[in-house]
Amino acid sequence: MAKRDYYEVLGLGRDAGEGDIKSAYRNLALKYHPDRNQGDSAAEEKFKEASEAYEVLSDAEKKAAYDRFGHAGIEGNFGSGGFQWSDFSHAGDFQDIFGDIFDSFFGGGGRRRSRGPAGPPQGRDLKIKVALTLEEIAEGVEKKIALTRLQRCGACDGAGAASGASRETCGTCGGQGQVQQVARTLFGQSMTVTDCPTCQGEGQLISDPCRECRGEGRERGQTTLTVRIPAGVQEGNYIPLRGQGEVGPRGGPSGDCLVFIEEEEHDYFTRDGNHVIYQLPLGFGQAALGAEVEVPTLEGKAMLKIPAGTQTGRVFRMSGKGIPDVNGRGVGDQLVQAVLWTPQDLNRRERELFAELAELESERVAAEGEGFFSKLRKAFS
Ligand SMILES: [Zn+2]
Ligand SMILES: [Zn+2]
């Protein structure tokens, strides 16, 4: 069964904002929640479908990938391929949504948010470029990319502590990561909670740092990533590889690796959206008499019939020989533009024939050419 469009699942248009997505999901989740539809498998399916759509559209990066590449953008680059119910691990989001729901049901006041230690920070995202030929873009391609990045320190396995040493609970905040400060103001006492200055909110300290990484928990290393690029991508598109960026210090989570697409210039094709333009040189004879000529396409050679009397500039359309749409909406065409090729360095025989032709031609060009050139001028103005 074909997967439904996520926007359609949520009953939204493509321009839906964060708030629309959240409230549409909330409404559907309320309606189809398994607790309220015991044993109703259709409702359960609807609930899962809506949850999946929300999981993607509520995540800025996944949404961007989905908006550009459709389901392929999610399946290729966010792990599992299909969504599985057990994958629904966005506990925080879930809590947020259902916290809201319960608030609206039971008139609960503001949500409590327990502020635990922040833990080590996330590593930075990496941006890399991958250059693709038009042929690769037309087919879709898997690329291996070698890069150097900050990775988990092997000696301490990212912990940052020397082997055998353990991380200690921060004495300043007692492991909470936050400290309370009481300030006296004109209006009485005010209490603020800030990140602990000793452990920077992490709640833990390393007293015996790993000697390899000096307590940083990471080191520079080489790796090779594999990225699956769907057919039809364009210059400037990017594919996010989740968790493949720099690892965070002291065992913090990894950032993402964003793979940006670059288009290599092609020897004889130019791209126009999903169409491919090719300029076909034609001799006078071929153009005048008609011919069957071989033209290159992204998939190899193909034959094209040129009718008699073809003018320079005329465009022939080879349907479906272009680039597939990245969202699966059809395939572009190859547009072949005839360009008259004028021979140089004529041999004697050629010179004779052209001279003879020129004599015959001159009157016709004067009579009929005028119309042709005025049409040409109109087309270019
Ligand atoms: Zn280390
Ligand atoms: Zn602390």
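## Zinc site and helix α3

In this predicted model, the zinc ion (ligand 2) has a tetrahedral site, with angles of 104 to 115° among its four donor atoms. The donor atoms from the protein are the SG atoms of Cys170, Cys173, Cys196 and Cys199, and they lie 2.2 to 2.3 Å from the zinc ion (ligand 2). Along the chain, these donors follow the spacing C-x2-C-x22-C-x2-C. Cys173 sits in the loop between β3 (168-169) and β4 (178-185), and Cys199 in the loop between β5 (188-195) and β6 (204-205), so the pair ties together parts that are 26 residues apart in sequence. Cys173 and Cys199 are both buried.

Helix α3 covers residues 41-57. At 1.5 Å a residue, its 17 residues should span 24 Å, and the C-alpha atoms at its ends are 24 Å apart, which agrees. The buried residues of α3 include Ala43, Phe47, Tyr54 and Leu57. Asp40 caps the N-terminal end of α3.

Asn37 is in the loop between α2 (18-32) and α3. Is Asn37 buried or exposed? Its relative accessible area is 19%; buried means under 20%, so Asn37 is buried. Leaving aside residues up to four places away in sequence, Asn37 touches Lys31, Tyr32 and Ala43. Of these, Ala43 is also one of the buried residues of α3.

| Side chain | Backbone atom | Distance |
|---|---|---|
| Asp40 (oxygen) | Ala42 nitrogen | 3.1 Å |
| Asn37 | His33 oxygen | 2.9 Å |

Methods: Residues numbered from 1 in each chain as written. Chains lettered and ligands numbered in written order. Predicted model: local features only at pLDDT ≥ 70, side-chain atom pairs only at ≥ 80, totals over all residues. Heavy atoms only, no water. Donors = N, O, S within 2.8 Å, 3.2 Å for Na, K, Ca; no water. Tetrahedral: all angles 85-135°; square planar, octahedral: opposite > 155°, others 65-115°. Helix = DSSP H or I, 4+ residues; strand = E, 2+ residues; numbered from the N terminus. Buried < 20%, exposed > 50% of the residue type's maximum accessible area, 1.4 Å probe, protein only. Expected span 1.5 Å × (residues − 1). Polar contact = N/O pair within 3.5 Å; in protein donor to acceptor, adjacent residues only side chain to side chain. Contact = heavy atoms within 4.5 Å.
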